[in-house]
Amino acid sequence: MPVEKAEFRQALGHFAAAVTVVTLVRDDDVPAGITVTAFSSLSLEPPLALVCIDKRARLHDQFQIERSFAVNILADDQEGVSRRFAQSEPDQFREIGWNPGPMGAPLIQGTICSIECRVVDLLPGGDHTIIVGEVESTRIREGKPLLYFRGGYAALK
Ligand SMILES: Cc1cc2nc3c(=O)[nH]c(=O)nc-3n(C[C@H](O)[C@H](O)[C@H](O)COP(=O)(O)O)c2cc1C
């Protein structure tokens, strides 16, 4: 018997995760993003990383083979950025600085790291899709990460 949803959620909340915003340029050329904690490195050779995207998320269908996306690892003063990209709104990047990465995916300013990838695989994962990306470029900066722990934002001491 699988565990109840609420119990699973509560248990998962004990896994402190860095908060990222995964960005891409949509089919209609509009930059967009989604707040994601389900990010992981996957392989060193070749350099692969993955994110898990809810099938119901508005951006889900935009993750297509060969498309570039960026994983922007937020700094501890970017809780507002996390909240912004966890909602659907028409002008997501309003007052948020960004510039296109070498492959064109939006790199958000002020993050501690941005990792630009190209989608190489889409794998089934229950109600999510596992998006596998080959890493094409990285950008790092000083600073501490924004964390999510037991249903709330947290920071390293
Ligand atoms: C801290 C945090 C972490 C999240 N992590 C994920 C995630 O890993 N994968 C995902 O698909 N959605 C994740 N979400 C939910 C999305 O950011 C978004 O809220 C959801 O897709 C609903 O918006 P939409 O329907 O407009 O896409 C997370 C939200 C928050 C606040």
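Which strands each supply at least two residues of the shell around the ligand? What we have here is a predicted model, in which local features need pLDDT of at least 70, side-chain atom pairs count only at pLDDT 80 or more, and totals for chains, interfaces and linings use all residues. Residues are numbered from 1 along each chain as its sequence is written.

Let me begin with the overall build. The protein chain contains 2 helices and 12 strands; these are DSSP runs, helices being H or I with at least four residues and strands E with at least two, numbered from the N terminus. Read from the N terminus, the order of elements is α-β-β-β-β-β-β-α-β-β-β-β-β-β. For 157 residues, a compact globule would have a radius of gyration near 15 Å, and the chain agrees, with 15 Å. That radius is taken over C-alpha atoms, and the globule rule is 2.2 Å times the number of residues to the power 0.38. The C-alpha trace spans about 45 × 35 × 35 Å along its principal axes.

I turn now to the sheets. Seven strands make an open sheet in the order β3-β2-β6-β9-β10-β5-β4, with antiparallel pairing; two strands pair if DSSP finds at least two bridges between them. At the edges stand β3 (31–36) and β4 (39–43), each with a single partner strand, so one side of each has no neighbour in the sheet. Within this sheet, β9 (residues 113–125) and β10 (residues 128–140) pair in the antiparallel sense over 12 bridges, and L123 stands opposite I130 in β10.

A further open sheet has 3 strands in the order β1-β11-β12, and its pairing is also antiparallel. Its edge strands, β1 (17–18) and β12 (152–155), each pair on one side only. Strand β11 (residues 146–149) pairs with β12 over 4 bridges, where L147 stands opposite A154.

Finally, let us consider the ligand and my opening question. The strands are β3 and β5 (48–54), each of which supplies at least two residues of the shell. There are 16 residues around the ligand, and T35, A38, D54, A57 and S88 come nearest; a residue is near a molecule or strand if its C-beta atom, placed from the backbone, lies within 6 Å of it. By class, the shell has 10 nonpolar, 4 polar and 2 charged residues. Here Ala, Val, Leu, Ile, Met, Phe, Trp, Tyr, Cys and Pro count as nonpolar, Asp, Glu, Lys and Arg as charged, and the others, Gly among them, as polar.
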